[in-house]
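Work through the exercises below with the sequence and the model open. Try each task before you read its solution.

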Amino acid sequence: MRRLLAMPLACSAVLITTSCGTANPGSPTAPENPATSRSGAAPTSRLAPPLSQPELDTAPFEKDPCTLLRPEQVAQFGEHKPPESEEALTGPSCRWAPESSLKTGTPGIRLTVTINTKSGGLEGIYQRRDKFGHFQETVIARYPGVHALDWREAPANGDCDTLLGVGEGRLVDVSVSVRDKNHPDYATACKVSDRAAGMVIENLKGAK
């Protein structure tokens, strides 16, 4: 339904995260090798911007991806049920489902964070950029990334996926789903996913 990189919010296409047992909406699927063709042709020119910052080590978080965001950070996005981790199609993933609106009085924000090791890194996403309905560059804490979703209008309708290149062949994928149409960021969902992605980068840096 939205990004081309696995999303557990509404289970979409291509491979990045998955919380429903299938790739998330708009999530990039694991490519063969984004730089070469099946026939072994010469590599295509690089499309993604290079890393200007040190690569970040995601290994300490791969066994427990729910530590990518601290409880007090998640609380900034509303009340949530206990996090659920899983091995998604693109790598270790954690989902924070919003607490019931019957309890909170308002629909919450669903968060999903995945360490994507299967989509060919940021370059793999760029090589498939024409397959996304919405594709927009972003930079978080000086790490290059993109908003990539299946549906062109997804960010204006409460959904966004922020993919950041944190190493060669490695992405941090943060997807959000804002269900309350009265939420101030409903029509600018990428502001929410970018904010959460910045917190993940902060935590990865702090793990050194």
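A polar contact is a pair of N or O atoms within 3.5 Å; within protein, one must be able to donate a hydrogen and the other to accept it, and residues adjacent in sequence count only if both atoms are side-chain atoms. The model is predicted: local features need pLDDT of at least 70, side-chain atom pairs count only at pLDDT 80 or more, and totals for chains, interfaces and linings use all residues. Residues are numbered from 1 along each chain as its sequence is written, and side-chain values use heavy atoms, with hydrogens and water left out.

**Exercise 1.** Find the side chain with which the side chain of His147 makes a polar contact.

Solution. Start in strand 5, where His147 is found (strands are DSSP runs of E, at least two residues, numbered from the N terminus). His147 counts as buried, because its relative accessibility is 5% (buried means under 20% relative accessible area, exposed over 50%, partly exposed in between; 1.4 Å probe, protein chains only). Its side chain meets that of Asp194 in a polar contact of 2.8 Å.

**Exercise 2.** Classify the pairing of Tyr126 with Phe135, then that of Phe132 with Phe135.

Solution. Rings of Phe, Tyr and Trp (its six-membered ring) pair if their centres lie within 6.5 Å; planes under 30 degrees apart count as stacked, over 60 as edge-to-face and the rest as tilted. The structure holds two aromatic pairs. For Tyr126 and Phe135, the centres are 5.2 Å apart and the planes at 85°, so this pair is edge-to-face. For Phe132 and Phe135, the values are 6.0 Å and 45°, so this pair is tilted. Tyr126, Phe132 and Phe135 form one aromatic cluster.

Notes
Helix = DSSP H or I, 4+ residues; strand = E, 2+ residues; numbered from the N terminus.
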